[in-house]
Amino acid sequence: MKQKLLEVENLKKYYPVTVGLLSRHVADVKAVDGVSFYITEGETLGLVGESGCGKSSLGRTLLRLEEPTAGRVLYKGSDIMRWDKKQLKEWRKETQIVFQDPQSSLDPRMTIGDSIGEALLIHGVGTEKERLERVEELLTRVGLEPRHATRYPHELSGGQKQRIGIARALAVNPKLIVADEPVSALDVSVQAQILNLVMDLQQELGLAYLFIAHDLAVIGQVSDRIAVMYLGQIIELADKAELLNNPFHPYTQALLSAIPLPDPHHKRKKVSLTGEVPSPVTPPSGCRFHTRCPKVMKICSEETPALRPLAKDHSVSCHLYK
Amino acid sequence: MNNTILQINQLKTYFFTRNGVVKAVDAVSFGLRKGESLCLVGESGCGKTATALSILRLIDSPPGEIVDGEILYRGEDLLRCSSKRLRQIRGNRIAMIFQDPQSSLNPVFNVGDQIMEQVKLHLRLGHQAALEKTVQLMEQVGIPRVRERMKDYPHQFSGGMKQRVMIAAALSCNPEILIADEPTTALDATIKMQILDIFQDLKQKRNTSILFITHDLGTVAGIADRIIVMYGGRIAEVGTVFDIFDQPKHPYTLGLINCLPSISKRGERLTPIPGMIPSLINPPEGCIFYPRCQRHMPICEKQRPKEVAVSGEHTVACYLYS
Amino acid sequence: MRQVSNKIGGTRNLIFIGTLLVLILILLLDIYLVDQILEPLEYFYLFFALLVIFYGVYPLYVNKRLTKYYWERTKRHRLAVLGLSFIIFLAAVAIFGPFLTHDPTEVNFQKKYLPPAGFSNQQSVYSLKTDQFLTTETPGTWRHPLGTDDKGRDMLAMLVSGARVSLQVGLLAVLMAIIIGTIMGVLSAYLGGWADMVLMRFTDIMMTFPFFLLLVFIIFIFGPSLIFIILVIGLTGWTGTARLVRSEALSLRTREFIMASKSLGASDSRIIFRHLIPNVLSSIIVIATLSIPGVILAEAALSFIGLGDPTVTSWGLVLQAGQRSLDTAWWIAVEPGIMLFLTVIAFNFLGDGIRDAFDPRSQL
């Protein structure tokens with residue numbers, strides 16, 4: 001039985017909204033509002049949601065790259081919120097992050113080799129010669145050549161830069177990688193190469209991923225389990241096959257129907273959503289989705305449904321299912 | 001059959017840069033019919049945006065220049081007509097929607113003013129009449145609470161809303177041809193669907209011809225009548241949407257379709273196209289896809305393949321079929 | 001040894017500190033034992049020169065390809081290259097000139113008012129004897145190629161000395177100002193919150209500081225000296241840099257590579273010194289290059305009105321002397337004027353060229 005690597009309990013991240021000369025705190029952007037889930041060793045949890053749902057904030061907050069407002073994050077059973085600087089720094093070797101924009105995720109003034117090897121330098125791993133060797137090894141692992149180590153980011157393409165982001169994350173042999181929309185900014189053919197790389201690395205190294213994306217097709221390709229996020233909360237969580245075949249939540253159903261299929265014969269029954277995504281500063285009362293839900297009922301605006309397990313490994317937060 | 005209203009013949013648009021001549025559009029020919037939606041598909045750097053900009057002579061010159069070819073709009077060559085005539089056509093008969101709604105709207109004017117400017121210019125209406133027309137247009141594209149929202153500034157709108165504003169502005173003069181450059185790329189899946197519905201509506205109710213540029217094959221399957229696949233500044237394949245998806249002929253088209261992640265391809269590795277997108281400076285004598293093609297033959301390297309008909313309207317530029 | 005060097009950020013820092021210690025040793029010797037090895041201004045100079053070499057020139061050398069890339073882009077700006085050539089020429093003049101010319105303070109009343117070589121000065125003197133105007137022509141000689149002033153001092157020597165002064169003041173004052181400004185700006189941006197507010201309000205106050213008044217006050221108490229001018233300009237002129245650096249650092253802070261560093265376990269100081277500062281460096285260089293002319297002019301103006309250092313011959317001082325004889329000996333004012341003009345323009349051209357070279361959006 002594989003152990004739970006990461007457990008998130010009721011995580012919240014609010015960004016204060018300030019007004020005026022003395023920065024009065026008037027409201028909060030509730031980017032992440034009570035999220036709970038877990039990731040086991042070697043598995044990929046896909047986190048899907050549209051822009052503004054808080055998935056990026058979640059990724060960063062659970063790595064303590066941004067300090068959480070409330071909640072617990074347990075890594076191998078230990079609460080990371082209680083750790084001091086030294087423990088935190090050690091932990092950085094076990095969890096890494098890969099970003100969306102290949103352009104801004106690399107320091108333009110550092111060579112590729114330096115960027116990849118930075119982690120080794122920070123943690124004092126090996127001699128300079130050993131670090132160089134490791135950098136070359138990593139470059140080859142992600143499908144580039146050792147000669148790229150002396151290049152600068154502006155000399156490489158988007159796909160290559162993204163590979164470097166992955167190489168950098170691998171440098172310290174992490175157990176968990178948070179991949180924040182790693183392929184959204186790439187062309188289709190490059191996307192396929194990177195997705196393959198991600199899946200291969202998981203098989204080779206036993207990595208666990210929190211794979212964040214807005215494209216359900218991409219999520220479906222790489223994930224073992226999928227969590228659907230809307231306006232700061234997880235509204236459905238299930239095994240991939242289960243979620244894709246049997247979506248319970250109306251939002252999930254809408255998302256599924258919105259995937260553009262490269263098949264002109266398929267006349268999908270479209271679930272059209274009305275209106276726009278509400279502001280995370282003043283989320284709707286009760287179930288946050290009720291303002292756009294095609295199956296809204298009276299109770300939806302009054303009471304927030306809890307994330308409840310309905311079938312085996314399939315939880316939903318929706319009043320339709322009691 | 002011959003209700004072609006826009007015919008492009010052997011268009012060549014080159015960019016003269018310090019590093020060499022970039023042949024962005026290298027002898028491209030195709031026709032657009034009344035009431036059809038024609039999709040230009042390809043990845044970044046394939047020349048599709050340059051083609052679209054060339055139609056309305058919007059190429060930045062220097063360093064770009066349309067060196068050769070004809071663009072016949074109802075028989076009239078847009079490349080050789082007077083600037084005055086071109087201005088009459090732009091926005092009026094042929095309208096364009098650009099890729100990034102963020103930067104296409106002027107941030108210092110409110111949205112209503114920007115649309116009204118278009119309306120007044122081309123329809124020569126007085127202020128009150130223009131106002132009414134603008135309200136009507138904005139309602140047609142599904143913007144809620146129009147009279148209030150008209151006075152808002154672009155930054156107060158979400159991505160999907162901004163795109164609707166762009167479409168409203170483009171439709172103000174009921175153009176015969178609408179050129180849309182990646183209009184849904186930056187949008188979430190559910191919003192994408194809504195915008196595509198607007199386009200479908202346009203086609204059906206007003207018989208507008210749409211030249212839709214995108215790299216997303218999934219979107220294409222939903223909206224296209226015919227598809228042109230571009231690669232390296234040249235046309236690789238042309239056909240109806242069913243031709244292309246059911247019987248893709250060009251190795252690039254096949255590669256593109258095969259590397260799409262899909263929820264039906266559970267967890268299998270994708271088959272990406274090996275190699276990288278080519279530089280358009282000094283393109284080779286032969287087929288530009290040659291270095292990445294799995295099925296190349298000696299002749300592919302030497303001579304550029306001409307388009308040959310495979311069936312009906314389905315043409316390919318590939319020696320495998322000639 | 002390696003552990004020590006890792007602690008303070010590398011061997012480079014180690015060598016720098018070592019050299020600094022040597023300098024301090026010489027300084028101490030100077031004060032207590034031996035007489036005047038180096039002038040105070042020269043200690044100042046050496047300190048900053050060391051700073052520039054270790055933290056400016058050395059990184060450029062290490063990142064050879066990046067330096068080459070930017071150099072190529074700068075070269076395409078013809079005016080910038082012209083400007084740079086002039087500045088190099090000026091620097092050469094400033095360094096080697098004093099060895100090749102006369103003493104600029106050597107007074108020789110017999111040779112006063114000599115025009116530049118090739119020109120001829122006509123002077124009309126009313127002679128009581130003949131009741132007529134006697135016109136004498138004094139031609140210029142090659143012994144004093146640029147002529148002499150009202151006290152017979154050699155113009156060329158004075159201009160050379162002036163070049164040295166201008167460059168010293170320009171470079172040192174600006175260097176001080178941008179170092180202080182950068183530290184303020186980066187700290188402000190990175191720490192944010194209260195620190196940001198406090199530092200920025202302090203910057204606002206410094207911006208309104210009357211540097212001129214301060215200078216007059218100091219001169220009143222301590223007497224005029226070049227060092228004071230440099231210090232005052234340096235300690236009050238950093239505010240513009242601070243603001244600019246802060247805004248750049250703020251926008252950089254949200255760039256993902258900063259967060260990536262954090263996720264790798266980098267400490268705050270590492271992020272500031274290894275990531276933030278190198279990336280704002282391009283803006284800083286541009287600001288510095290474009291501030292130098294302003295400082296040079298400020299010093300010239302101060303000397304012109306008599307607040308400068310009278311022991312040092314600067315262009316402003318010469319201008320002051322020339323002001324009186326504008327109609328008879330025009331060259332005394334015109335020559336320093338031309339030098340100031342050319343120097344200011346040269347730095348401006350160079351600054352423009354560098355700014356365009358660093359701007360990723362400009363097509364060069």
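This is a short tour of the chain contacts in the structure above.

**Before you start**

The model is predicted: local features need pLDDT of at least 70, side-chain atom pairs count only at pLDDT 80 or more, and totals for chains, interfaces and linings use all residues. Residues are numbered from 1 along each chain as its sequence is written, while chains are lettered from A and ligands numbered from 1 in the order in which they are written.

The model scores ipTM 0.80 and pTM 0.81.

**Stop 1: chains A and B**

Select chains A and B. Of the two pairs of chains in contact, this one shares the most contacts. Two residues are in contact if their C-beta atoms, placed from the backbone, lie within 7 Å. Chain A brings 32 residues and chain B brings 33.

Now color the side of chain A that touches chain B. Helices H6 (188-205), H7 (216-222), H8 (240-245) and H9 (250-258) of chain A each give two or more residues to that side. Helices (H or I, at least four residues) and strands (E, at least two) are DSSP runs, numbered from the N terminus. H6(A) gives the largest share, seven residues. By type, the side of chain A has 18 nonpolar, nine polar and five charged residues. Here Ala, Val, Leu, Ile, Met, Phe, Trp, Tyr, Cys and Pro count as nonpolar, Asp, Glu, Lys and Arg as charged, and the others, Gly among them, as polar.

**Stop 2: H9(A) against H8(B)**

Select H9(A) and helix H8 (residues 189-206) of chain B. Their axes come within 8 Å and cross at roughly 55 degrees. Axes are lines fitted to C-alpha atoms, for helices over the stretch in contact, and angles run from 0 to 180 degrees between N-to-C directions. H9(A) and H8(B) are therefore oblique to each other; angles under 35 degrees count as roughly parallel, over 145 as roughly antiparallel, 65 to 115 as roughly perpendicular and the rest as oblique.

Show side chains. On H9(A), pick A:Ala254, A:Leu255 and A:Ala258; they meet B:Ala189, B:Thr190, B:Lys192 and B:Met193 in H8(B). This contact has five nonpolar residues, one polar and one charged.

**Stop 3: chain C on chain A**

Select chain C. Its contact with chain A takes 15 residues from chain C and 20 from chain A. Helices H11 (256-264) and H12 (268-304) of chain C each give two or more residues to the chain C side. H11(C) gives the largest share, eight residues.

**Stop 4: chains B and C**

What is the distance between the closest C-alpha atoms of chain B and chain C? They lie 8 Å apart, and no contact joins the two chains.
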